[in-house]
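Here's a quick tour for anyone meeting this structure for the first time. Have a look at the sequence and the model, then read on.

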Amino acid sequence: MAATAIDLRTGQAPRRLLRAIGSAGAVLAMIILGASVLLRLGTGFGADGQSLSMLAPAIEGAARSLHRLAASGVGLLAMAATVLCVRHRLVVAGALRPTVWMVAATVVLAVIGPLTTGYRFAAVTVTNVAVGVVLLMSCWWLREALMHGSAGGAQRDPLLRAALVVFLAHVASGAAASALEMRGIRWVAYAHLATAILVTMFVGAVLWDQRRSKRLRAVVAGTASVWLMQIAFGVALLSISQRPIWLGVLHALFTPLLAAGLVSIAVRSAADNCQPWHEMHHDDA
């Protein structure tokens, strides 16, 4: 009991809990995005204009159940993070901004959730995917901020900020291309290709800029590997006429991984010039 009281006074327990919430939220967001893309790529439209699943009933049912459970879990985690931030705001200041984004993304997804049925509105599909990626980024930001962040707050890197904006535009264009291809509209794929070129330029510049940082060596290498794999899957999708669902799912799943890598680079590079959070509080070892 005494140890717990000390933890609560120094802020160690709330930070540990919020870090765990961020990690768990990122995993659940990944499940949500994976289930969503599988269901979307496995859906077509019949002659009557109604959506029709091309997946095996067992696979479709499992994907929908996982999606519902993960979405419910993220909602509970967002509420828990909010309570912790309000009660311990003086010792978890670094968690406030990612928690706000996490809660906002969760609310948006909950509001548009009923509109996603049947993929009737392409704009809803685009919003669902883009905000889902923002949710994952927010959760990972929460985890990284409490594990590798600094007490002084993140410094603003124009290149990283631009790369994140271009990356989210690329995510949105990919979701639009997927949503409209279901209706036989394929020209949007060229817009997705154009944003892919921009993402390649900006992500490449970020990785090159951070290549010499010893602290970022592992995350830069991992992000570069994910980036190259996503490019490879994208080229494969462009090169074949009959695209298997599994290839599209793999290409889409590298998107949240790349997003997490960019978030890690942003948070850890900001802490390079100031004292690391975990050195100030010896609970993050």
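Which side chain makes a polar contact with the side chain of E144 at 2.3 Å? It's the side chain of R143. Before going further, keep in mind that this is a predicted model.

**The whole chain**

- Going along the sequence, you'd read the pattern α-α-β-β-α-α-α-α-α-α-α-α.
- The protein chain has 285 residues, and 45% of them are buried.
- Take the contacts in the chain with a separation of 6 or more: 76% of these are between residues 24 or more positions apart.

- Helix 5 covers residues 122–148, which makes 27 residues.
- From first C-alpha to last, helix 5 reaches 38 Å, close to the 39 Å expected at 1.5 Å a residue.
- Most of helix 5 is covered, with 21 of its 27 residues buried.
- Helix 6 takes in residues 158–181, and its axis comes within 8 Å of the axis of helix 5, with the two crossing at roughly 145 degrees.
- The crossing of helix 5 past helix 6 is right-handed.
- On the helix 5 side, the contact is made by A122, T125, V126, V129, A130, V133, V134 and M137.
- On the helix 6 side, you'll find L164, F167, L168, V171, A172, A175, A176, A179 and L180.
- Sorted by class, that contact has 16 nonpolar residues, one polar residue and no charged ones.

- E144 sits in helix 5, and it counts as buried because its relative accessibility is 0%, under the 20% cut-off.
- Besides the contact with R143, the side chain of E144 makes a polar contact with the side chain of S264, at 3.0 Å.
- L146 is also placed in helix 5, and its relative accessible area of 1% is why it's called buried.
- L146 and A95 are 51 residues apart along the chain, yet their C-alpha atoms are separated by 6.9 Å.

- Helix 7 has 22 residues, which should span 32 Å at 1.5 Å a residue, and its end C-alpha atoms are 32 Å apart, so the two agree.
- The buried residues of helix 7 are V188, H192, T195, V199, V203, G204, V206 and L207.
- What covers those buried residues of helix 7? The cover includes helix 6, helix 8 and helix 9.
- Helix 9 runs over residues 245–270, with 26 residues in it.
- End to end, from first C-alpha to last, helix 9 reaches 39 Å, close to the 38 Å expected at 1.5 Å a residue.
- Helix 9 is largely enclosed by the rest of the structure, because 19 of its 26 residues are buried.

**R211, out in a loop**

- Look for R211 in the loop between helix 7 (188–209) and helix 8 (217–239).
- The side chain of R211 reaches the backbone oxygen of W208 at 2.6 Å.
- R211 and A221 are ten residues apart along the chain, with 8.4 Å between their C-alpha atoms.

- T106 has its place in helix 4, residues 96–112.
- T106 is buried, because its relative accessible area is 15% and the cut-off is 20%.
- Leaving out residues up to four places away in sequence, T106 touches V74, G75, A78 and L135.
- A80 is found in helix 3, residues 57–87.
- A80 counts as partly exposed because its relative accessibility is 30%.
- A80 and L17 are 63 residues apart in sequence, and 9.2 Å apart in space from C-alpha to C-alpha.

Definitions and conventions. Residues are numbered from 1 along each chain as its sequence is written. This is a predicted model: local features need pLDDT of at least 70, side-chain atom pairs count only at pLDDT 80 or more; totals for chains, interfaces and linings use all residues. Side-chain values use heavy atoms; hydrogens and water are left out. Helices (H or I, at least four residues) and strands (E, at least two) are DSSP runs, numbered from the N terminus. A polar contact is a pair of N or O atoms within 3.5 Å; within protein, one must be able to donate a hydrogen and the other to accept it, and residues adjacent in sequence count only if both atoms are side-chain atoms. The expected span of a helix is 1.5 Å times one less than its number of residues. Buried means under 20% relative accessible area, exposed over 50%, partly exposed in between (1.4 Å probe, protein chains only). Axes are lines fitted to C-alpha atoms, for helices over the stretch in contact, and angles run from 0 to 180 degrees between N-to-C directions. A crossing is left-handed if the near helix is turned anticlockwise from the far one by less than a right angle, and right-handed if clockwise. Contact means heavy atoms within 4.5 Å. Ala, Val, Leu, Ile, Met, Phe, Trp, Tyr, Cys and Pro count as nonpolar, Asp, Glu, Lys and Arg as charged, and the others, Gly among them, as polar.
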